[in-house]
Amino acid sequence: MSKEHKITMLGTGLIGMFYTMTLHNQRGVDRVHMVYSRNGEKAKQFAKDWNIPKWTNNMSEAINDPDTDVVIVGIPNNLHKEAVLTAAKAGKAVLCTKPLARNAAEAKEMLDAVEKAGVFNGYLEDLIYPPKTLKSLESVKNGEIGKVLWCRSRETHSGPHSDWFWDNEQAGGGAIVDLGCHCIEISRNFIGKDIRPVEVMCWADTLVHPIDAEDHGVGLVRYENGSIGQFEVSWGFQGGMDLRDEVSGTEGTIWLNHFLRTGFEMFTTGAKGGYVAEKSGSDAGWLFPVGDEAHEMGYITMFHDMFNAIDENREPIETFYDGYIVNAIMDACYISVKSKKWEPVNLEVWRGKTVTTEKSDAETWFDDQYLLVKKERMPDGQTKLILKDKESGKIIQKFITEE
Ligand SMILES: NC(=O)c1ccc[n+]([C@@H]2O[C@H](COP(=O)([O-])OP(=O)(O)OC[C@H]3O[C@@H](n4cnc5c(N)ncnc54)[C@H](O)[C@@H]3O)[C@@H](O)[C@H]2O)c1
């Protein structure tokens, strides 16, 4: 039986609305009972729209409300730290949206604060939680695609919906901080959260918009076991919101498409117009609507995990520690953009394992003389083997006929 939680929602913008909609429509017992917006009128209207009994334009009052046991942070990135430190001081469980912070130093301060206060902390990285991602992660855990070698994650759209995202000071960066944080954590989950990210190589540029931050970025994150996480982000992409992941393993492959081309396509002349899906870019012609955005984005399963974890006194899948690691990777990305070199990921805390990248011959053993490089069935029915002589290193090929 789920316990009832009373939530303070900080923020009445896009994510405050999505979170409240998800909470009030789904698990049922958890209710937002206090909402904060810096603009009192907006807070009042939001409270009315979502049947929330209390509202305020004072953040401290919202967090310290005596009935609140869970605080959800859904305000701009530069305000996450203050909100989290206040919640930790008040002894409340705190769930923070992505990115955890503008940089690793801020994230570390937040991590230390919640851990020192001993309060529950959840990192609201929703894109780990779409049902198909959870299922894919389970398949990887079961060894169905072998060792993950390479994970490519992409999030691109035409740019954010509010002023503060475009301001380096408030956001802490551009498309990398906004979208790359998702992609980095997706790859980290597929490669293994206990595998240390060691270095990054990143390109970023401001190709389209008149801003100081980057509106494009591509990065490689190298993990200690040799695996590579690749992210691609853009605030200048036309055609909707492209959210895709590709996972390559030694025994298999997974392709995920979350938003465009999910199997739901619709044509309209645009006679009625209206909302299609977040950042769809168009309401006429061939469209890619999204059946249930809260589900496709993982909000429903994410809150299930978060609130069940509180009730069961366990950690959720995503914690502030994960948010801190992501911030540290992004910090290294910005250094690499400037240096144009591989740069180390500096982690003050590492709770995963240490692994070596040495390859064992056991997996490629063929016979006493050769290692197997590749085996392929040819059009004439024969099977071709590419073999490497262990002594000389010479590569040869050999045909065999298989039954
Ligand atoms: N998929 C996701 O998990 C996801 C999606 C969107 C946004 N976010 C995150 O949620 C947070 C908010 O983003 P959003 O899209 O809701 O933004 P938004 O602009 O739609 O809403 C921001 C909210 O914060 C308030 N606000 C803005 N400046 C403020 C200030 N100086 N002081 C106090 N309040 C202020 C606004 O009034 C509004 O209520 C960001 O950290 C963003 O990265 C996460």
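These legends walk you through several close-up views of a predicted model.

**View 1. The three domains of the chain.** Let's start with the layout: the domain assignment gives domain 1 (6-125), domain 2 (128-298 + 316-344) and domain 3 (361-400). Notice that domain 2 is written as two stretches, 128-298 and 316-344. Between the C-alpha centres of domain 1 and domain 3 there are 59 Å.

**View 2. The shell around the ligand.** Which residues are closest to the ligand? They are Gly 13, Leu 14, Ile 15, Arg 38 and Ser 162, in a shell of 21 residues. Sorted by class, this shell holds 11 polar, 7 nonpolar and 3 charged residues. Helix H1 (residues 14-25) is the top contributor, giving 3 residues. Both domain 1 (6-125) and domain 2 (128-298 + 316-344) take part, each with at least three residues in the shell.

**View 3. The largest nonpolar core.** In soluble globular proteins, nonpolar side chains tend to be buried together. Here the largest nonpolar core counts 90 residues, and the members with the most contacts inside it are Leu 10, Val 35, Val 73, Val 84, Val 94 and Ile 329. Helix H11 (residues 320-339) supplies the largest share of this core, with 11 residues. At least three core residues come from each of domain 1 (6-125) and domain 2 (128-298 + 316-344). Take a moment with Val 84: setting aside neighbours within four places in sequence, its contacts are Val 73, Val 94, Cys 96, Met 110, Ala 113 and Val 114.

View 4. Find helix H6 (residues 131-141) and pick out its buried residues, Thr 133, Ser 136 and Val 140. Why do they line one face of the helix? Seen down the axis of H6, the buried residues fall within an arc of 60°, so they share one face. On the face turned away from that buried side you can find the exposed residues Pro 131, Lys 135, Glu 138 and Lys 141. The buried residues of H6 pack against strand S7 (148-156), helix H8 (175-191), strand S11 (242-249) and strand S12 (252-257). After H6 comes Gly 143, with a positive phi near 80°.

View 5. Most residues other than glycine have a negative phi, and most peptide bonds are trans. The peptide bond from Lys 98 to Pro 99 is cis, with omega near -20°. Arg 261, in the loop between S12 and strand S13 (266-268), is not a glycine, yet its phi is positive, near 55°. Arg 261 is exposed, with 12 other C-beta atoms within 10 Å. Lys 340 also has a positive phi, about 60°, without being a glycine, and sits in the loop between H11 and strand S15 (343-344). Lys 340 counts as exposed because 10 C-beta neighbours lie inside 10 Å, and the limit for exposed is 12 or fewer.

**View 6. Glu 343 and its contacts.** Although Glu 343 and Val 200 are 143 residues apart along the chain, their C-alpha atoms are separated by 5.4 Å. Not counting residues up to four places away in sequence, Glu 343 touches Glu 199, Val 200, Ala 332, Ile 335 and Ser 336.

Definitions and conventions:
Residues numbered from 1 in each chain as written. Predicted model: local features only at pLDDT ≥ 70, side-chain atom pairs only at ≥ 80, totals over all residues. Near = placed C-beta within 6 Å. Helix = DSSP H or I, 4+ residues; strand = E, 2+ residues; numbered from the N terminus. Nonpolar A, V, L, I, M, F, W, Y, C, P; charged D, E, K, R; others polar. Domains from an automatic or database assignment. Core = buried A, V, L, I, M, F, W, Y, C linked by C-beta atoms within 7 Å. Buried ≥ 20, exposed ≤ 12 C-beta atoms within 10 Å, placed from the backbone. Contact = placed C-beta atoms within 7 Å. Arc of directions from axis to C-beta.
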